[in-house]
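Okay, thanks everyone, I'll keep this short. Let me put the structure up, and then we'll walk through a few spots in it.

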Amino acid sequence: MQEKILLRNKIRTLKRQFTQAQLDELSLSVERKVISNQRIINADIILMYYSLSDEVNTHSLIDNLLSQGKKILLPYVIDEENIEIREYNGPYDLIQGAYGIMEPTGNSYCNIEDIDVALIPGMSFDKDKNRLGRGKGYYDRFLKKIPKTYKIGVCFEFQKQDNIPTGKYDVRMDEII
Ligand SMILES: Nc1ncnc2c1ncn2[C@@H]1O[C@H](COP(=O)(O)OP(=O)(O)OP(=O)(O)O)[C@@H](O)[C@H]1O
Ligand SMILES: [Mg+2]
């Protein structure tokens, strides 16, 4: 969809106006919101994402929540269309996978319907909690398998839009942080 491509380009341009230090600084306030979110506080099993440098930084957040005794899951890419989920046990068992994303090395986590909360990165989110991702449909294909999981969209404030273009496969979030 052409409109999605245009919006992704717009967001990329916005991101380039920030230095890495500024993005990391902005990440701290998002991190605080996640830590104090009631759904996160109550959750036992959380699907997170291991951030790339231009995304809201989740690295210390992941270890923080792990040290609180929560089960932390991370996605890994299995092919051009699909992600699966693995349990995260600590920074030592991460290995770089597709798209340069760090992924756990262990066995697949099969009880995906038990995931209480999923933290989902996005290029943009809108007022109706629609999500624009990076354009491969990975999360849309995965999230339709866990309709009961509470989905929290995560991005920087400047990435949020009033309305974003959507298609029939786009899975809406329950909350945007
Ligand atoms: N459940 C699905 N079944 C079949 N095709 C799908 C499904 N979900 C998404 N797609 C297709 O995947 C392609 C990419 O979707 P879209 O542009 O929404 O990606 P995205 O949500 O931005 O990406 P990502 O989740 O990887 O960050 C589209 O052609 C879309 O129709
Ligand atoms: Mg989509």
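So, this is a predicted model. Let's start at the metal: the magnesium ion, ligand 2, is coordinated by D140 and D170 through their OD atoms, at 2.0 to 2.1 Å. Those two come from distant parts of the chain, 30 residues apart. D140 sits in helix α5, residues 138-143, while D170 is in the loop between β9 (150-154) and β10 (175-176).

Are these two buried or exposed? D140 has a relative accessible area of 13%, so it's buried. D170 comes in at 19%, and because the cut-off for buried is under 20%, D170 counts as buried too.

Okay, on to the helices. Helix α2, residues 20-35, packs against helix α4, residues 59-67, at an angle of about 25°, with the axes 10 Å apart. Angles under 35 degrees count as roughly parallel, so that's what we call α2 and α4. The crossing is right-handed. And who's touching whom? On the α2 side you've got E31, V34 and I35, and they meet S60, L61, N64 and L65 in α4. By type, that contact has four nonpolar residues, two polar and one charged.

Last stop, V117, which is in strand β6, residues 117-121. V117 is buried, at 2% relative accessibility. What does V117 touch, leaving out residues up to four places away in sequence? R39, I40, A43, I45, I46 and L47, and then T149, Y150 and I152. On the other hand, K127 is ten residues from V117 in sequence, and the C-alphas are 20 Å apart.

Methods. Residues are numbered from 1 along each chain as its sequence is written. Chains are lettered from A and ligands numbered from 1 in the order in which they are written. This is a predicted model: local features need pLDDT of at least 70, side-chain atom pairs count only at pLDDT 80 or more; totals for chains, interfaces and linings use all residues. Side-chain values use heavy atoms; hydrogens and water are left out. Donors are N, O and S atoms within 2.8 Å of the metal (3.2 Å for Na, K and Ca); water is not among the atoms, so sites may look incomplete. Helices (H or I, at least four residues) and strands (E, at least two) are DSSP runs, numbered from the N terminus. Buried means under 20% relative accessible area, exposed over 50%, partly exposed in between (1.4 Å probe, protein chains only). Axes are lines fitted to C-alpha atoms, for helices over the stretch in contact, and angles run from 0 to 180 degrees between N-to-C directions. Angles under 35 degrees count as roughly parallel, over 145 as roughly antiparallel, 65 to 115 as roughly perpendicular and the rest as oblique. A crossing is left-handed if the near helix is turned anticlockwise from the far one by less than a right angle, and right-handed if clockwise. Contact means heavy atoms within 4.5 Å. Ala, Val, Leu, Ile, Met, Phe, Trp, Tyr, Cys and Pro count as nonpolar, Asp, Glu, Lys and Arg as charged, and the others, Gly among them, as polar.
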